Amino acid sequence: MCGIVGIVGQHPVNQLLYDALLVLQHRGQDAAGIVTSQNEHLHMRKDNGLVRDVFHTRHMRRLQGNMGIGHVRYPTAGASSSAEAQPFYVNSPYGIVLAHNGNLTNAGELKRDVFVDDLRHINTSSDSEILLNVFAHELQAQNKLRIDEQDIFNAIEGVHRRCHGGYAVVAMIPGLGIIGFRDPHGIRPIVYGQRESSHGTEYMIASESVALDTVGFELISDIAPGEAVFIRSDGTIHTRQCAPQPVLSPCIFEFVYFARPDSVIDNISVHKARSRMGKKLAAKIKRTWPNHDIDVVIPVPDTSRTAALQLANHLGVPYAEGFIKNRYIGRTFIMPGQTVRKKSVRQKLNAIHFEFRKKNVLLVDDSIVRGTTSQQIIQMARDAGAKKVYLASAAPPVRYPNVYGIDMPAASELIAHGRSEWDIERALGCDRLIFQDLSDLVAAVQKKTKSLVDRFDTSVFDGVYITGDVTEEYLENLEDMRGEAARAQPVPEESGAIDDSIMALYNPA
């Protein structure tokens, strides 16, 4: 999962991009990058690490220009490399930089096509570089020295024809403008907004609406599935639907875990969706366990707090904060490597013994993926003196790999894969386990009176992949590749920073 942002401003945008990436840091902690455009020059800084560590004053001063894009990244298979930090750049045609959130399901086929048919070289293992080169080739096929919005939209139509999977993209052509587009299923989120400055209107594209809010932009809309938005460097904006049969099918896991609660995705408030998850879960407990003996409801911070509070209120059971979180430890779900995940849990959370001692405790988490974190948290509750430890998940069991950009591609790593709920309960070591029903989760997220969502991608729960191109052979190959990547983890690099100015080949002025 990654975060992307692009801004066309009326004054230097380096600070705005930095501030937006800080807000999107929850989407990726592995690497960060910014590229700005100053006339015919591109200025780049990217490296492994958190936003605050990658960009120092000397870097910010070099990121000159009124237009730019940024990216925060987490690795999707084991170790990370600074060579795959984004944005990516290709010099032909026009000098294009691109940042991408998601995953292409036909990346292997595309990589061959890009080399054999398009005569382009791919330098990394990132499918984002493949997507960039497909876009570049489709633009080059327009066969023009100077392109306009129609040429860009025609190129994106070509991208949609060739690229399968989930992708939200921001791209920039120096001196020309910024482009944002979304795959025909709208799997990954992307929005755009505007604000008025003393010099005119400024525009921003970002993964989540909260990034717009915090830097003073007003949300205009989500980019629709298959739609493209082109914002010229002079501030004029153009939009076009570039896919023949778009179907809005956002990833439901965004609402369960990834997105910030103060974001609105496809006209759905993440906070309210999580609140409704808690109500639905409480209703299930009342229905299936009417004589429960729960003394206290305690959330596993932070994502589950909203659901846990509503669950407690609807059960009529006290709610308490039982874990203190170390804010300087990253989100364990998106850390590169299972060993790092295991080590970080007790560094990240510490129990308040008073809230557990001699009580039957219901822990509430947003989801249970690998189960490693849940096992340790359950043991922490027992060590803190709990009589019984129950666990409720605001999401159904995660039984299937994700192929659209979330770091859980291997079925063997999922605790629920091939197990019954009773088996999962035994494996986790809790006294009782309650999962949300999938139908209740969908109903909680989809507010019928306001939502424009046609359906959700719920593949991690039901194994139904909405792009229709994911086979058992594909999943097996993906798991094999993941195992090979884990075994071939490179020695950490001493310095992988990229801090440079790139002369673009084309000046439209």
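The model is predicted, so local features need pLDDT of at least 70 and side-chain atom pairs count only at pLDDT 80 or more, while totals for chains, interfaces and linings use all residues. Residues are numbered from 1 along each chain as its sequence is written, and side-chain values use heavy atoms, with hydrogens and water left out.

**Nonpolar cores**

- The largest nonpolar core has 40 residues, of which F253, F255 and V445 touch the most other members. A nonpolar core is a set of buried Ala, Val, Leu, Ile, Met, Phe, Trp, Tyr and Cys residues joined through side-chain atoms within 4.5 Å; buried means under 20% relative accessible area, exposed over 50%, and partly exposed in between (1.4 Å probe, protein chains only).
- Two or more residues of this core come from each of α8 (253-258), α9 (270-288), α15, α16 (459-462) and α17 (472-487). Helices (H or I, at least four residues) and strands (E, at least two) are DSSP runs, numbered from the N terminus.
- Helix α8 gives the largest share, five residues.
- Another core, of 34 residues, lies apart from it and includes I147, A155, V169 and F230.
- Leaving out residues up to four places away in sequence, F255 touches I265, I268, V270, A273, R274, M277, V445 and F456 (contact means heavy atoms within 4.5 Å).

**Q436**

- Q436 sits in the loop between β21 (432-435) and α15 (438-445) and is buried, at 2% relative accessible area.
- Beyond its neighbours within four places in sequence, Q436 contacts M277, K280, L281, S393, A394, A395, P396 and L441.
- A polar atom of the Q436 side chain is 3.4 Å from the backbone nitrogen of L281.

**T467**

- T467 is in the loop between α16 and α17 and is buried, with a relative accessible area of 18%.
- Its contacts, not counting residues up to four places away in sequence, are G165, H185, I187 and Y404.
- I187 is 280 residues from T467 along the chain, with 9.7 Å between their C-alpha atoms.

**H43**

- H43 belongs to strand β3 (residues 41-48) and is buried, at 8% relative accessible area.

**Surface patch**

- I324, I352 and F354 make a nonpolar surface patch of about 300 Å². Patches consist of residues with over 30% relative accessible area and no salt bridge, with like charges joined within 9 Å and nonpolar side chains (Val, Leu, Ile, Met, Phe, Trp, Tyr) within 5 Å. A salt bridge is a side-chain nitrogen of Lys or Arg within 4 Å of a carboxyl oxygen of Asp or Glu.
- I324 lies in strand β17 (residues 323-325).

Key:
Accessible areas come from the Shrake-Rupley method with a 1.4 Å probe; for residues, only the protein chains shown count as cover. A polar contact is a pair of N or O atoms within 3.5 Å; within protein, one must be able to donate a hydrogen and the other to accept it, and residues adjacent in sequence count only if both atoms are side-chain atoms.
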